[in-house]
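Please open the model in your viewer and keep the selection tool handy. We will go from stop to stop, picking residues and looking at what surrounds them.

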Amino acid sequence: MAKNITMRDIAVKVGVSTVTVSKALGDREGVGSELRTLIKETADEMGYQYNLEARTFRKGKSYSIGVLMEEHFTNSGTSALSFYMKLYHSLVLELSRFHYSVLLEMITPQMLEKMQPPNVISELRMDGLVVLGKVREDYLELIRASGKPIVYLDYYDRHMEIPGVIPDNVYGSYILTDYLIRLGHENFAFVGSIHATPSIMDRYLGFYRALAEHGLPRGEHEIIPDRGEDGLNIPLELPRDNMPTAFVCNCDETAYILIEKLNEMGYRVPEDISVVGFDNYAWGAYALPRLTTIEVDMDEMSRQAVETLIRLIKGQEKVFGRKVVGGKLIIRESAAEVKK
């Protein structure tokens, strides 16, 4: 069977990047006319199916949407698994209202290493793309170079070139921390690797804003990382001295890992230490103690993402920047007034 020729194969042959090949084959700006011609001729010689696919799908819409996310988010041991699967489910239901089918493709470490385009791009069968969660920046450039309408969901482009829909991470974490302060807490720690994702960084900023507004000092153990560079959970390193009376966690799963760790150390939640989470999924309403958290409105996030993407597909308007979807504080039993 003949090898399926990819954009990367063409890039290696010509001696350019995969992004350059994608731009040339898509007749987009950023590639000189001579190089564009060379790339197209090389693609034809190698048997690349670009032109056939383009002629087939330029005649009309395929009513298919590609959803892309990095594979590590679905690995066991990552706190994002349940959240993103629930968000994906909500997205599929919303797209079905507009008669769109969905193809989910995982971006593997091998694809990142080789800068290999996703099949949903190289096959040119999608009307648009949804990027779910954080994706490495140089790979995002490859996705953007496809020229397809794109919306980020639970992620945003710091340059605001691609529209994104996110929960109100800053304000959500702010009101959680403010709630604990009103319960009398003054010694805090934030649990989350703040450079892992924009969402965690934003939640830390909301936490820090609440402390600053109430004139509370930054604690000795202010930030406790919860995951490594691969996105997988790492053991929580808790202080042995000057233990905070309240922990603000970046997500619900981290909150319950923390509660188990505190129990092992002989602390009771919430009698001795209060713990709050974020997202209100999976464990929030069922595990004990039930978790005080912020409920993320996934259905509204999906609705706004789909409506934005469809407007882009129809060419009705240019959409940039972020759309922020508010959540609500869910008060349960994991937080209590500080002991005097």
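Is Phe207 buried or exposed? Select Phe207 in this predicted model: its relative accessible area is 0%, so Phe207 is buried.

Tyr204 and Phe207 sit three residues apart in helix H10 (residues 198-213), about one helical turn from each other. Their ring centres are 6.1 Å apart and their planes meet at 40 degrees, so this pair is tilted.

Tyr171 is partly exposed at 44% relative accessible area, whereas Tyr174 is buried at 11%. Keep Tyr174 selected and show Arg209: Arg209 lies over the face of the Tyr174 ring, 4.6 Å from the ring centre.

For another arginine over a ring, go to Arg322, which lies over the face of Tyr156 at 4.6 Å from the ring centre.

Last stop: the cysteines. The structure holds zero disulfides. Select Cys249, and you will find that the nearest cysteine sulfur, that of Cys251, is 7.6 Å away. A disulfide needs the two sulfur atoms within 2.5 Å, so Cys249 is in no disulfide. Cys249 is buried at 1% relative accessibility, and Cys251 is buried at 4%.

Technical notes:
Residues numbered from 1 in each chain as written. Predicted model: local features only at pLDDT ≥ 70, side-chain atom pairs only at ≥ 80, totals over all residues. Heavy atoms only, no water. Buried < 20%, exposed > 50% of the residue type's maximum accessible area, 1.4 Å probe, protein only. Phe/Tyr/Trp six-rings, centres within 6.5 Å; stacked < 30°, edge-to-face > 60°. Helix = DSSP H or I, 4+ residues; strand = E, 2+ residues; numbered from the N terminus. Lys NZ or Arg CZ within 6 Å of the ring centre and 35° of its normal.
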